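Please have a look at the structure before I go on.

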Amino acid sequence: MRVVVTGGAGFIGSHLTEYLLSLGHEVIVLDDFSTGTARNLRALSANPRLTVVPGSVCDATIVETCLAGADAVYHLAAAVGVFTILDRTLESLRTNLTGTETVLAAASRAGARMLLASTSEIYGKNTAMGLREEDDRIIGSPLKNRWSYAEAKALDETFAHLYAVEKGLRTVIVRLFNTVGPRQTGRYGMVVPRFVDQALAGKPLTVFGTGQQSRCFCHVLDVVPALVALLEDERAHGTVFNLGNPEPVTIEELAHRVLVRTGSPAGIVRVPYEQAYGPGYEDMERRVPDCTKAKQAIGFQPARGLDDILDGVLADRTAAVPR
Ligand SMILES: NC(=O)c1ccc[n+]([C@@H]2O[C@H](COP(=O)([O-])OP(=O)(O)OC[C@H]3O[C@@H](n4cnc5c(N)ncnc54)[C@H](O)[C@@H]3O)[C@@H](O)[C@H]2O)c1
């Protein structure tokens, strides 16, 4: 198959590209290298079935060219990370709205099936233990920049849904909960690589807020095969799935686990949210997925726990040969 991965030079996208190539597919990566990097694809660069196209998903001509003759597209390109969204809110909003509609329109013209990478952020402040796909969204003010990522991704879902209903596009929407593992950067606010980098540098781990907020972390290698299995399954088309690991850990506990795993004596410092993200920042106490639907559809069951994740991230950071 000829498969397009937008955002394929990013964290999840590069693992997905590697997996699709291992299945024998031809893969075209479209990426503007804003948060992704060529380094993530370096090990694959000699593969004749991989083509990397530098460019934006907002550029209709490039998107159209990449999707010509494609059987499937995984749309992962997006402005991501709290720091990115807060620092460049307008640009991020445009990427996440215009980019998605451009890719949907091109997929529709090409007759390619399409997976949209959405996010657990769309549930907003809903802290139900075990969020299900049909649960309500509880979102803060549209004037709080923090929520613009959730708003854009929710509209992306609506766009994808309407392309499926009105134009017959075969779409799958996947709401990823915190996905982590090797190659993820901490530069844009992701907590696991940030903690690991701080510990390796001998710096105290900065825990934002009280540290009692919890998150569920899923290994990227548990997520990637599920993305492919869902888009390959016709019964999944036109619908939405949560993908994540239901095991919560508080951010303070995560920091301790990182200190133990790295053997760092650096300790922890607490930083108020206002100091980390500016005044008025809103966060949620927990976000726990219910992935029953994906389990029933494709047997989704994360196999890797937090220690596997931390070991993988550590090995990636301390690799003798740089990627
Ligand atoms: N990692 C997570 O925990 C998580 C959680 C929920 C949703 N997601 C979604 O998964 C997808 C991949 O995220 P990731 O964690 O791999 O982040 P990432 O930043 O590593 O990947 C995003 C990629 O998109 C590229 N990109 C950004 N704007 C672009 C544009 N205009 N045109 C072309 N390429 C562009 C970046 O350069 C990068 O390679 C995103 O859609 C994100 O919203 C990720």
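Predicted model: local features only at pLDDT ≥ 70, side-chain atom pairs only at ≥ 80, totals over all residues.

By a salt bridge I mean a side-chain nitrogen of Lys or Arg within 4 Å of a carboxyl oxygen of Asp or Glu, and a search of the whole structure finds 24 of them. Residues are numbered from 1 along each chain as its sequence is written, and side-chain values use heavy atoms, with hydrogens and water left out.

Let us begin with Asp283 and Arg215, whose side chains meet in a salt bridge at 2.9 Å, N to O. Asp283 lies in the loop between helix 9 (273-277) and strand 15 (288-289), while Arg215 is in strand 10 (residues 214-216), so the pair ties together parts that are 68 residues apart in sequence; helices (H or I, at least four residues) and strands (E, at least two) are DSSP runs, numbered from the N terminus. Arg215 is buried, at 9% relative accessibility, where buried means under 20% relative accessible area, exposed over 50% and partly exposed in between, with a 1.4 Å probe and protein chains only. Asp283, at 25%, is partly exposed.

Now to the cysteines: how many disulfides are there? With a disulfide taken as a pair of cysteine sulfur atoms within 2.5 Å, the count comes to zero. For Cys66, the nearest cysteine sulfur, that of Cys58, is 13 Å away, and for Cys291 the nearest, that of Cys218, is 7.4 Å away.
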